[in-house]
Amino acid sequence: MLFEILTTGSMLGVLGTSYYYKTNLNNDADKILKIAENCGLYKKDEKIRLYRRNFNKEKKFTEYAFKIPLGLELKDFQDKYGKFKDGLNNRSVRRIILKDFKNLKLDRTLPMQIQAILNNRVRQNKEIEMEYDGMLIMRVYDEGMPAEMHYDDELLKKVKGWEVPIGVTFKEFVIHDFEGLQMLVIAGMTRYGKTVFLKNAITTLINNQPENVKFTLIDLKGGLAFSRFMACKQVNTVAKNCPETLAALEAIHRELLARQEHFLANGWEDIGEAGWKERHFVVIDEGAEIAGFEDREERLRATHLIGEIARIGAGLGYRLIFATQYPTADVFPRQVKANTSAALCFKLKNSTQSLVVLDRAGAEDLPVGLKGRAIYQTDREQLVQTPFIKNSFIDIKIKPHINFRARSEGTSAPFKATKEEEGGSYITKFEKA
Ligand SMILES: Nc1ncnc2c1ncn2[C@@H]1O[C@H](COP(=O)(O)OP(=O)(O)OP(=O)(O)O)[C@@H](O)[C@H]1O
């Protein structure tokens with residue numbers, strides 16, 4: 001009796017699963033075509049056309065290739081990401097779970113139990129990835145990404161050199177390599193994961209490049225988030241207000257110009273050719289505070305100095321991470337925007353902000369309340385779940401790098417350039433690669 005039930009159950013399960021995929025595939029393709037049409041993604045009477053579809057059983061996604069009318073581009077479809085996502089998830093589906101049959105109780109309620117298994121409905125949680133390679137590629141994943149990813153030792157082993165973990169997509173682990181892309185913009189509404197990501201980046205770099213990394217941390221949210229890094233020997237400065245920020249930026253600027261002169265004198269094109277290992281990271285959180293400095297002169301000067309780091313810093317070994325929750329055009333120094341080709345964008349308030357960061361709408365459609373979900377944009381775009389790093393984990397990792405000699409108030413303030421740095425000759429020593 002039990003054997004019969006299990007066999008019948010398994011058969012029903014297999015049939016149910018194959019029915020689910022068959023109808024699901026047709027429905028999804030039809031839905032995409034319909035949503036595109038309803039969103040005005042067509043030209044005159046020319047609509048998008050399905051060219052092929054492939055189902056990847058292992059990674060549980062279906063890839064659709066669409067021919068799109070001339071005059072439309074990938075961005076037009078990405079702008080409607082939220083509409084496609086909601087449309088594909090607009091109803092629950094019947095899903096038969098095979099292992100439920102194994103848990104059946106052989107009593108009078110058996111028929112009801114079987115009925116419950118057969119009638120099981122689940123809310124859909126599909127995710128979409130879009131790309132263009134001569135055709136519009138839409139990958140529809142049956143399951144969205146994990147809602148959480150933890151930063152642990154295993155994850156730390158996956159990054160080396162100047163790489164920092166960005167997170168996971170539906171199918172792969174993503175890193176940001178600061179040797180390839182030296183500047184990174186981070187944007188997102190409050191409490192969606194900017195600071196956690198910055199702490200992830202700082203901890204990773206201290207751990208993997210303890211002898212070569214230097215930090216200037218500009219924390220205009222009061223200095224609390226970066227305070228645990230203050231005593232690390234890799235941290236030159238934690239600036240917490242306008243005067244400290246200006247002093248820190250002026251010091252970097254002096255160093256930058258001196259370095260430039262030194263490179264010129266030696267005929268080095270960039271830090272790679274110079275063979276210097278040091279990289280100096282300037283991390284700014286919250287960038288919008290700078291645009292709000294009361295004194296106009298100070299505001300303009302700070303903006304100019306950050307712009308200079310973005311404009312000429314990369315080749316000289318400077319790296320910039322600029323984070324803000326108010327990404328409006330006047331908050332980004334022009335040079336930062338012009339010289340940055342990487343952005344990590346958490347949920348934003350509206351499409352105008354998204355346009356400033358990503359040059360397209362869409363970040364406003366990221367899920368409400370899902371912390372750590374972001375769009376990572378370089379020359380391509382990936383939807384990622386960023387790793388969550390616990391403060392206790394950070395403390396373990398940075399402990400070996402803490403300078404136990406108590407810092408005086410002064411040492412947490414910006415460092416002073418030496419006489420030599422201020423003058424013509426530049427004496428900072430760097431290790432040869
Ligand atoms: N990647 C993540 N995964 C899971 N939870 C996260 C993640 N990042 C952040 N969180 C949660 O969200 C909270 C807020 O994150 P965080 O401090 O980074 O926000 P924020 O964007 O910097 O906000 P604000 O702009 O207000 O400082 C964290 O305390 C944590 O609980």
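Which helix gives the most to the shell around the ligand? Helix 7 (residues 194–208) does, with three residues; helices here are DSSP runs of H or I of at least four residues, and strands are E runs of at least two, numbered from the N terminus.

The model is predicted, so local features need pLDDT of at least 70 and side-chain atom pairs count only at pLDDT 80 or more, while totals for chains, interfaces and linings use all residues. Residues are numbered from 1 along each chain as its sequence is written, and side-chain values use heavy atoms, with hydrogens and water left out.

**Ligand shell**

Around the ligand there are 16 residues, of which Thr190, Arg191, Lys194, Thr195 and Lys221 come nearest (near: a heavy atom within 4 Å). By class, the shell holds five nonpolar, seven polar and four charged residues; Asp, Glu, Lys and Arg count as charged, and Gly is among the polar ones.

| Residue | Protein atom | Distance |
|---|---|---|
| Thr190 | side-chain N or O | 2.3 Å |
| Lys221 | side-chain N or O | 2.4 Å |
| Tyr192 | polar backbone atom | 3.3 Å |

Taken alone, the ligand exposes 630 Å², and the protein buries 82% of that (Shrake-Rupley method, 1.4 Å probe).

**Lys347**

Lys347 lies in the loop between strand 14 (343–345) and helix 13 (351–358). Lys347 is buried (under 20% relative accessible area) yet has no salt bridge (a Lys or Arg side-chain nitrogen within 4 Å of an Asp or Glu carboxyl oxygen). The nearest side chain of opposite charge, Asp365, is 6.1 Å away. The Lys347 side chain does reach the backbone oxygen of Leu366, at 2.7 Å.

Definitions and conventions. A polar contact is a pair of N or O atoms within 3.5 Å; within protein, one must be able to donate a hydrogen and the other to accept it, and residues adjacent in sequence count only if both atoms are side-chain atoms. Buried means under 20% relative accessible area, exposed over 50%, partly exposed in between (1.4 Å probe, protein chains only). Lys and Arg count as positive and Asp and Glu as negative; His and the chain ends are not counted.
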